[in-house]
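User: Hi! Could you walk me through how the two ligands sit in this model?

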Amino acid sequence: MAGQRIVVTGVAGFIGSHIARSLLDDGHEVVGIDHCLGHPQEITERNLRLNEASDRFTLIRGDLAELPLEPHFDGADTVFHIAARPGVRPSWGAEFTSYARSNVVATHLLMEAAARTAVRRVVVSSSSSVYGGAPNGPVTEEDLPAPLSPYGVTKLAAEQLALAHARRARSRPTVVALRYFTVYGPRQRRDMLISKLIESALTGKAVTILGDGKQRRDFTFIADAVQANLMAMTADVEAEALNIGTGVTTSVLDVADLVGTVVGRPVVLEFGRGQAGDVRDTHADVSRAKDVIGYRPTIDLRTGLTTQLEWTLQNEVVPTSE
Ligand code: NAD
Ligand code: UGA
């Protein structure tokens with residue numbers, strides 16, 4: 001139903017900015033919450049520009065672990081909780097405090113606030129990193145989570161916290177946790193592989209492959225992740241965690257080759273050491289998401305890379321002339 005008030009946390013980020021845009025396009029009123037510290041200022045401003053032109057968009061700038069949230073949740077039907085400290089490899093050592101605060105503490109406070117208001121549904125961003133790999137083929141939601149990184153532990157804690165709140169007797173809101181598998185597309189974070197590969201092919205700047213490059217990812221295009229969120233808003237669900245991937249995996253070396261083909265110039269690679277916490281392979285079985293919310297991935301890797309390249313050429317990197 002159009003015209004609802006909807007909250008999107010992490011609205012200044014990659015995935016949150018896209019979800020907000022889709023909701024505005026569908027006629028909803030969007031309250032975006034972000035502390036605007038997840039990216040350099042020019043990236044934050046660029047992401048916010050996507051939605052700020054709409055008079056149905058309001059930005060609340062603040063930290064989810066500190067803000068009074070109830071006033072912003074009042075009258076909201078759905079909260080898309082997308083904000084988190086992302087990124088697997090930097091989550092060791094002293095950085096863990098910030099992961100725990102933004103991913104775990106903030107999620108608990110958000111669920112408490114949602115339960116005190118009339119929010120009907122919370123859709124939470126979770127992650128393939130809860131699994132710790134896919135050594136025996138595609139993972140299902142029945143597989144035991146066993147994260148290999150502190151980040152993965154915080155994402156598992158966050159989704160399980162949200163689900164525990166939903167299962168509390170006579171409690172609203174209901175919760176759908178979406179376990180995304182390595183999302184790419186326009187506005188992808190610059191620390192992520194595909195952004196770096198496209199930049200490399202355009203500028204000649206080298207990308208360091210972490211390990212032998214034979215690790216595989218189930219790369220998921222942003223439009224499919226957004227569609228999953230919109231479906232999760234209305235599906236008849238009490239408390240569910242669902243895989244949002246494609247079922248197709250590609251090695252880091254093969255995606256580098258494919259980016260070179262799509263750009264028409266090779267990517268420049270160097271090789272470095274594999275990183276602690278980086279899982280070997282991710283591979284989603286998406287049958288449950290199909291059954292429960294009607295999710296179907298539609299964009300193959302070559303098409304998605306072409307779209308990300310076109311967007312990059314228009315918005316980010318000026319290619320070097322030859
Ligand atoms: P992003 O960094 O682009 O966006 C996250 C946003 O959240 C940022 O704008 C940041 O400023 C904001 N934020 C972080 N902590 C906050 C806090 N305490 N208070 C207020 N705002 C805060 O990241 P993304 O790639 O868009 O990821 C979005 C979500 O999806 C995250 O929950 C991430 O764990 C999850 N996820 C992402 C991927 C992926 O491939 N990008 C895959 C799996 C899961
Ligand atoms: C991504 C997101 O960054 C996480 O926030 C998210 O939770 C996770 O997806 C997920 O699916 O759950 P990751 O798969 O590590 O994490 O995504 P990339 O940073 O794009 O890395 C993909 C692969 O490329 C990894 O094996 C990584 O080691 C490799 N890589 C990445 C490099 O070899 N070099 C780089 O410079 C960057």
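Analyst: Happy to; the questions and answers below take the ligands in turn, and please keep in mind that this is a predicted model.

User: Which residues come nearest to ligand 1?

Analyst: The shell here counts residues with a heavy atom within 4 Å of the ligand. For ligand 1 there are 29 such residues. Those that come nearest are Asp34, His39, Tyr151, Lys155 and Val183.

User: How far is a polar side-chain atom of Tyr151 from an oxygen atom of ligand 1?

Analyst: Polar contacts to ligand 1 involve backbone atoms too: a polar backbone atom of Phe14 is 2.8 Å from an oxygen atom of the ligand, and a backbone N or O atom of Leu64 lies 3.0 Å from a nitrogen atom. For Tyr151 the contact comes from the side chain, and the distance to a ligand oxygen atom is 2.6 Å.

User: What share of the area of ligand 1 does the protein bury?

Analyst: Taken alone, ligand 1 exposes 820 Å². Of that area, the protein buries 97%.

User: Which element gives the most residues to the shell around ligand 1?

Analyst: Helix H1 (14–25), strand S5 (121–127) and helix H5 (150–167) each give two or more residues to this shell. By class, the shell has 14 nonpolar, eleven polar and four charged residues. The element that gives the most, with three residues, is S5.

User: Is Ala12 buried or exposed?

Analyst: Ala12 lies in the loop between strand S1 (5–9) and H1. Beyond its neighbours within four places in sequence, Ala12 is in contact with several residues, including Asp34, His39 and Leu48. Its relative accessibility is 2%, and the cut-off is under 20%, so Ala12 is buried.

User: Turning to ligand 2, which backbone N or O atom lies 2.8 Å from one of its oxygen atoms?

Analyst: Backbone atoms of Gly87 and Ser129 also lie by oxygen atoms of ligand 2, at 3.2 Å for Gly87 and 3.3 Å for Ser129. The backbone N or O atom at 2.8 Å belongs to Leu210.

User: How much of ligand 2 does the protein bury?

Analyst: On its own, ligand 2 exposes 700 Å². The part of this that the protein buries is 95%.

User: Which element gives the most to the shell around ligand 2?

Analyst: The shell has 22 residues, and among those that come nearest are Ser127, Tyr151 and Arg189. Helix H6 (193–203) and strand S8 (207–210) are the elements that give two or more residues. With three residues, the one that gives the most is S8.

Conventions:
Residues are numbered from 1 along each chain as its sequence is written. Chains are lettered from A and ligands numbered from 1 in the order in which they are written. This is a predicted model: local features need pLDDT of at least 70, side-chain atom pairs count only at pLDDT 80 or more; totals for chains, interfaces and linings use all residues. Side-chain values use heavy atoms; hydrogens and water are left out. A polar contact is a pair of N or O atoms within 3.5 Å; within protein, one must be able to donate a hydrogen and the other to accept it, and residues adjacent in sequence count only if both atoms are side-chain atoms. Accessible areas come from the Shrake-Rupley method with a 1.4 Å probe; for residues, only the protein chains shown count as cover. Helices (H or I, at least four residues) and strands (E, at least two) are DSSP runs, numbered from the N terminus. Ala, Val, Leu, Ile, Met, Phe, Trp, Tyr, Cys and Pro count as nonpolar, Asp, Glu, Lys and Arg as charged, and the others, Gly among them, as polar. Buried means under 20% relative accessible area, exposed over 50%, partly exposed in between (1.4 Å probe, protein chains only). Contact means heavy atoms within 4.5 Å.
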